[in-house]
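Please keep the sequence and the coordinates open while reading.

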Amino acid sequence: MAATAAAATLAAATSSLLRRSPLLRPHALRVSRDFAPRRFARHIASSTNEEAAAKTAAATADTGGPTIFDKIIAKEIPSSIVYEDEKVLAFRDINPQAPVHVLVIPKLRDGLTGLDKAEPRHAEILGQLLYAAKVVAEKEGVADGFRVVINNGAEGCQSVYHLHVHVLGGRQMKWPPG
């Protein structure tokens, strides 16, 4: 009972903070390194939302319709592009979880909505995604320490069903990741 009340109080306080503080809203493209306490507060509030978004996205995962990433590739939606070649596109995440948070995506989905859909024919693009992650880390100045993440499925909190690699850096990464 007391734990439930404490959790409700924390959730209400966090929600109130998020509404009032422009520094805590997830609109910025970069997160300053000195925002650790604020980043933690935003994480508490957003983790449940990320899980809900992942479950919602999973319901329509393999319909074949265009994803937000297809629209970014087609330049229908603006993005902050970090790297691009003939096969991949890398751009800043709109909800960064680290000072450097870039998404690397294949320009052609080719049935690769998640890592669980990978087939032998996808080996080349999978390698190109990892190589592009390395190039992005160099360009962003975090080549000495960065993390590469692929979320897969609803339980892995995948919210866009177009395979993508997260490149995170610019702060000390923790283990286990969560």
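## A contact across the sequence

Which residues does Ala58 touch, not counting residues up to four places away in sequence? The residues are Ala154 and Tyr161. Contact here means heavy atoms within 4.5 Å. Ala58 and Tyr161 are 103 residues apart in sequence, but 7.7 Å apart in space, C-alpha to C-alpha.

Ala58 belongs to helix H2, residues 36-59. Ala58 is partly exposed, at 31% relative accessible area. The classes are buried (under 20% relative accessible area), exposed (over 50%) and partly exposed (in between), with a 1.4 Å probe and protein chains only.

## Basis of the model

The model is predicted: local features need pLDDT of at least 70, side-chain atom pairs count only at pLDDT 80 or more, and totals for chains, interfaces and linings use all residues. Residues are numbered from 1 along each chain as its sequence is written, and side-chain values use heavy atoms, with hydrogens and water left out.

## Overall fold

The protein has 4 helices and 5 strands. Their order along the sequence is α-α-α-β-β-β-α-β-β. Helices (H or I, at least four residues) and strands (E, at least two) are DSSP runs, numbered from the N terminus.

Of the 178 residues, 37% count as buried. Among contacts with a separation of 6 or more, 60% come from residues 24 or more positions apart. The protein exposes about 10,400 Å², and carbon and sulfur atoms supply 59% of that area. Areas come from the Shrake-Rupley method with a 1.4 Å probe; for residues, only the protein chains shown count as cover.

## Strand E5

E5 is largely enclosed by the rest of the structure, because 5 of its 5 residues are buried. Both faces are covered. Val165, Val167 and Gly169 lie on one side, His166 and Leu168 on the other. In a regular strand the side chains alternate between the two faces of the sheet.

E5 has antiparallel pairings with E3, over 5 bridges, and with E4, over 4 bridges. Two strands pair if DSSP finds at least two bridges between them. Val104 stands opposite Val165, and Arg147 stands opposite Leu168.

## Nonpolar cores

The largest nonpolar core has 19 residues. Such a core is a set of buried Ala, Val, Leu, Ile, Met, Phe, Trp, Tyr and Cys residues joined through side-chain atoms within 4.5 Å. Tyr83, Val88, Val102, Val104 and Val136 have the most contacts inside it. Strands E1 (81-84), E2, E3 (100-106) and E5 and helix H4 (123-139) each give two or more residues. H4 supplies the largest share, 7 residues.

Apart from this core lies another, of 8 residues, among them Ile72, Leu89, Phe91 and Ile105.

## Annotated and polar sites

UniProt lists His164 for "active site" in an unreviewed entry. UniProt positions are given in the numbering used here, feature names are shortened, and annotations may be inferred rather than shown by experiment. His164 sits in the loop between strand E4 (146-149) and strand E5 (165-169). His164 is buried at 5% relative accessible area. Its side chain reaches the backbone oxygen of His162 at 2.8 Å.

Arg92 is in strand E2, residues 88-92. Arg92 counts as buried, at 17%. Its side chain makes a polar contact with the side chain of Glu140 at 2.9 Å. A polar contact is a pair of N or O atoms within 3.5 Å; within protein, one must be able to donate a hydrogen and the other to accept it, and residues adjacent in sequence count only if both atoms are side-chain atoms.
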